[in-house]
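This briefing takes up a helix pair, an aromatic pair and the confidence of the model. Please read it alongside the sequence and the coordinates.

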Amino acid sequence: MKKTIALWAALTAAALMVTGCAAENPAAPAPRTPTASGGGESAGGAAGDGGAGAAAEAGGAGAAAETGSAGDKAPETASAAAAYRKWGLKPFAPAPAPPATKPVVRPPGGPVPVISDIPTTEKIVFITIDDGAEKDPEFVTMMKDLKVPVTMFLTDAAIRGDYAYFAPLVAQGHGLANHTLTHPDLRTLSQDAQRREICGQQTKLTQRYGKAPRLLRPPYGNWNEATRAAAGECGVDAIVLWRESMQIKNMQYQRGDRKLHPGDIILAHFRGPSELKGRTMTEMTATMLRRIQEQGFTVARLEDYV
């Protein structure tokens with residue numbers, strides 16, 4: 001009997017040693033580096049209204065997983081899968097490492113670039129969310145769970161009733177950007193009036209959230225050279241338009257092929273059931289994420305490229 005117990009213990013210890021070795025020697029995939037090409041647009045915007053440390057958190061966690069053991073990676077992968085299942089989604093493929101040199105840069109003293117997409121060959125897109133009228137607490141939870149980076153283009157007139165709502169989103173690392181004080185058609189205003197709208201919102205957002213926005217989206221996508229001049233005076237690095245806009249269930253495309261392209265910037269809005277025909281902000285967002293995945297794309301952080 002003693003010999004049997006001893007043999008069983010020895011076999012068990014050997015099995016555990018083999019399992020431990022296998023778990024501690026995973027083959028880590030090599031990171032990919034995006035290839036940049038082309039340049040930003042300088043034409044006016046389309047009709048319709050234009051809106052990340054989350055990415056940094058996701059990237060940091062991913063980097064830790066790459067260098068850790070399979071035993072470390074498994075719980076993280078399972079946790080991510082569970083978080084996505086909660087919202088009826090599948091996890092995104094990891095975004096590639098951002099380029100060492102940003103493909104969109106404002107030259108010192110030069111005009112502010114105007115872009116609708118980012119020059120890249122990687123199958124990545126960028127999500128932007130405008131205005132700030134809808135303040136669904138479930139959306140904050142969703143973004144914390146999914147860690148999909150977004151950039152928020154906020155209008156003071158829409159957010160001033162509840163500045164605190166956006167604080168946890170900023171704390172999660174999502175991009176904070178300028179959508180003017182009162183959401184006017186900037187082309188109808190003088191350069192001085194445009195400067196007041198843009199610089200005023202720069203100041204408000206900096207005071208409220210402790211960081212100065214670097215990006216501007218003109219309301220309705222409408223801008224002129226006075227907008228570029230005013231934006232430059234207010235410290236803006238780029239004017240951001242879009243290639244697709246998320247509607248209630250489907251995307252509206254600017255290109256005739258009705259497809260996403262590498263580097264596309266997608267426009268969405270902080271909207272609730274009254275504007276989404278009964279659907280919630282989280283339902284609209286989940287649908288948008290599915291549309292992105294269906295075309296084989298993943299989501300990257302816009303501020304890493306501009």
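In which hand of crossing, left-handed or right-handed, does H7 pass H8? In this predicted model, the crossing of H7 past H8 is right-handed.

**Helix packing**
- The two elements are helix H7, spanning residues 191-209, and helix H8, spanning residues 225-233, whose axes come within 9 Å and cross at roughly 45 degrees.
- On the H7 side, the contact is made by Gln191, Gln194, Arg195 and Ile198, while H8 contributes Ala226, Thr227, Ala229, Ala230, Ala231 and Glu233.
- By residue class, this contact of H7 with H8 divides into five nonpolar, three polar and two charged residues.

**Aromatic pairs**
- Five aromatic pairs are found when the whole structure is searched, and one of them joins Phe126 and Tyr305 in an edge-to-face arrangement, with 5.2 Å from centre to centre and 65 degrees between the planes.
- This pair links distant parts of the chain, as Phe126 belongs to strand E2 (residues 124-131) and Tyr305 to the segment after strand E10 (298-299), 179 residues apart.

**Confidence**
- Across the protein chain the mean pLDDT is 82, with 75% of the residues reaching 70 or more.
- Over residues 1-74, however, pLDDT stays under 50, and for this stretch the model has 111 contacts beyond four places in sequence.
- Where pLDDT is low, predicted coordinates should not be read in detail.

Key
Residues numbered from 1 in each chain as written. Predicted model: local features only at pLDDT ≥ 70, side-chain atom pairs only at ≥ 80, totals over all residues. Heavy atoms only, no water. Axes fitted to C-alpha atoms, helices over the stretch in contact; angles between N-to-C directions. Helix = DSSP H or I, 4+ residues; strand = E, 2+ residues; numbered from the N terminus. Left-handed = near helix turned anticlockwise from the far one by under 90°. Contact = heavy atoms within 4.5 Å. Nonpolar A, V, L, I, M, F, W, Y, C, P; charged D, E, K, R; others polar. pLDDT = per-residue confidence, 0-100. Phe/Tyr/Trp six-rings, centres within 6.5 Å; stacked < 30°, edge-to-face > 60°.
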